[in-house]
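This report concerns the aromatic rings of one protein model. A pair of aromatic rings is described by the distance of the centres and the angle of the planes.

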Amino acid sequence: MTTILGLSGSLRRASFNASLLRAASGLMPEGATLQTGSIAGVPLYNADDESASGIPEPVARLKDALMQADGLLVVTPEYNNSLPGVFKNAIDWMTRPADDIAQVWGGKPVAVIGASPGGFGTILAQNAWLPVFRTLGTRPWFGGRMMVSRAHTLMDADHELENAETRKQLASFLSGFVDFVRAGD
Ligand SMILES: Cc1cc2nc3c(=O)[nH]c(=O)nc-3n(C[C@H](O)[C@H](O)[C@H](O)COP(=O)(O)O)c2cc1C
C-alpha cells in the first residue's frame, strides 16, 4: 500500500483547500491511501519555547506521519500572491530540530496543489513553496499541475467538491503522483 500524507494549509471550517484534500482522499488510485494530517493546534514557532519544551505534540504527530508516509500532498491556499503564514509556520515547526530534516524530509516525494475563489488557482502560492521544498531536500513532482480556480463554484452545499471535471483532473493528478512515488529515484 502506498501511503500519502495530505495537509491542507487552511484552518477555515468551510475551506476550499480542505475540501480539495477530502476529495483527494476519495480519489486515490488503487493500492494507495491518503492519510489526512492537520495543522490545527500547531503553535506559532518560538525558538525559546522549543528550547524550553521541545517539539509540541501536534508537530511531533505530523513529523511521525510524514516519516511513515511515502509522499506528501500539500494543498495550499494563496495569500497575497504567496503562501499562507499559518501553513509555513506548521511546515517550519516540522523542520525542527534541524538534525531531523534529512530523516523526515530527505528525498520525500512532494506534490503541491491548491484552490482559490480567484482566477489563478493558487499558482503563485504553489511557486512560493518551491524553494522551501528544495531547501529541505525533497523530491518535488512536476509531472502534473492542479490549480483550482473559482473554487466557490465547484462545491456543493456541504462544501464538498462536486464538480465532475475537477474531480477527474484531481484523480488523474493523484494517479501521476502515486506513479512517481512508486517509481522511486
Ligand atoms: C490575507 C488574504 C490574502 C489573500 N490573497 C489572495 C491571493 O493573493 N490570491 C488568491 O487567489 N486569493 C487570495 N485570498 C483569498 C483566498 O484564496 C480565499 O480566502 C480562500 O478561500 C482561502 O482558502 P481556503 O478556502 O482553503 O481557506 C486571500 C485571502 C486572505 C485572507
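Predicted model: local features only at pLDDT ≥ 70, side-chain atom pairs only at ≥ 80, totals over all residues.

A search of the whole structure finds 6 aromatic pairs. One of them joins Tyr45 and Trp93, whose ring centres are 4.8 Å apart; the planes meet at 75°, so this pair is edge-to-face, given that planes over 60 degrees apart count as such. Tyr45 is partly exposed, whereas Trp93 is buried.

The rings of Trp141 and Phe173 also form a pair, with centres 5.0 Å apart and planes at 75°, so the arrangement is edge-to-face. Distant parts of the chain are linked here too: Trp141 lies in the loop between β5 (139-140) and β6 (147-148), and Phe173 in helix α7 (residues 164-183), 32 residues apart. Trp141 is buried, and Phe173 is buried.

| Residue | Relative accessible area |
|---|---|
| Tyr45 | 32% |
| Trp93 | 1% |
| Trp141 | 13% |
| Phe173 | 4% |

Elsewhere, ring pairs join Phe87, Trp105, Trp129 and Phe133 into a cluster.

Arginine residues also lie over ring faces. Arg12 is placed over the face of Phe16, at 5.0 Å from the ring centre. Arg139 lies over the face of Phe180, with a distance of 4.5 Å from the ring centre.

Notes
Residues numbered from 1 in each chain as written. Heavy atoms only, no water. Phe/Tyr/Trp six-rings, centres within 6.5 Å; stacked < 30°, edge-to-face > 60°. Buried < 20%, exposed > 50% of the residue type's maximum accessible area, 1.4 Å probe, protein only. Helix = DSSP H or I, 4+ residues; strand = E, 2+ residues; numbered from the N terminus. Lys NZ or Arg CZ within 6 Å of the ring centre and 35° of its normal.
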